[in-house]
Amino acid sequence: MLCWRHGQTRWNAEKRFQGQADIPLDEVGAAQAAHAARMLARLKPDGIVTSDLSRAASTAQALEAETGLTPNTDPGLRERSAGEWEGLNRDDIIARWPEEYAKFNVPGGEDMNDVGQRVAQAVDRGLATIPPHGLLVVVSHGGAIRAGITTLLGLPPEHRESLGPLGNCSWSVLGPSATGRWRLLEHNAASLPEERILSDDR
């Protein structure tokens, strides 16, 4: 499974919290999506599932253009609701909510454990649509992907920050371990290795 963050938006460039605000890709983001899609198509994915927010859906459409696969839309892959922080940049937030920002407690925002659970459930729904051992591309958002990966790996919530951020149009790859659980194979990647990305490391 490959979890792909959407391309850049104007709010990304302005370092504003987007949350579930439906901000489209900007010109840079559209170009990022097209470039990454050409690479990811070489992996011959079996299915695509995407958040319904337009920045993710447009990124998924770039891969559709390369593969002919029609993306399935799942609102469970939306970004975390950022409550009162949506549309604000870091300096605005620190000025108004210094204690909350230090603990990343978003006023009116969605609990990250809930985000992880709904993303993991959306992944399960997507996997059910492809052949066993097939490759599913999950197109979502930085915070949602990290929360989902944390849940899928079975990590305790306090270890969520062990995963660094995802750049726009970068991806993370998960594969099955010998015990049948998920394991993280790559994180924040933006290029393909010489061998197939899901090959065994033994």
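Mentor: The term denotes a side-chain nitrogen of Lys or Arg within 4 Å of a carboxyl oxygen of Asp or Glu. This is a predicted model, in which local features need pLDDT of at least 70 and side-chain atom pairs count only at pLDDT 80 or more, while totals for chains, interfaces and linings use all residues. Residues are numbered from 1 along each chain as its sequence is written, and side-chain values use heavy atoms, with hydrogens and water left out.

Trainee: How many salt bridges does this rule give?

Mentor: The count is six.

Trainee: Are Arg16 and Glu14 buried, partly exposed or exposed?

Mentor: Buried means under 20% relative accessible area, exposed over 50%, and partly exposed in between, using a 1.4 Å probe and protein chains only. Arg16 is partly exposed at 29%, and Glu14 is partly exposed at 34%.

Trainee: Which parts of the chain does the salt bridge between Arg78 and Asp52 tie together?

Mentor: The side chains of Arg78 and Asp52 meet at 2.8 Å, N to O. Arg78 lies in the loop between strand 3 (72–73) and helix 4 (90–96), and Asp52 in the loop between strand 2 (47–50) and helix 3 (54–67), so the pair ties together parts 26 residues apart in sequence. Helices (H or I, at least four residues) and strands (E, at least two) are DSSP runs, numbered from the N terminus.

Trainee: What is the setting of the salt bridge between Arg146 and Glu161?

Mentor: The closest N and O atoms of Arg146 and Glu161 are 3.1 Å apart. The pair links distant parts of the chain, with Arg146 in helix 7 (residues 142–153) and Glu161 in the loop between helix 7 and strand 5 (171–176), 15 residues apart. Arg146 counts as buried at 15% relative accessibility, whereas Glu161 counts as exposed at 62%.

Trainee: At what angle do helix 6 and helix 7 pack?

Mentor: Axes are lines fitted to C-alpha atoms, for helices over the stretch in contact, and angles run from 0 to 180 degrees between N-to-C directions. Helix 6 (residues 112–127) packs against helix 7 at about 80 degrees, with the axes 7 Å apart. The two helices are therefore roughly perpendicular, a label covering 65 to 115 degrees.

Definitions and conventions. Angles under 35 degrees count as roughly parallel, over 145 as roughly antiparallel, 65 to 115 as roughly perpendicular and the rest as oblique.
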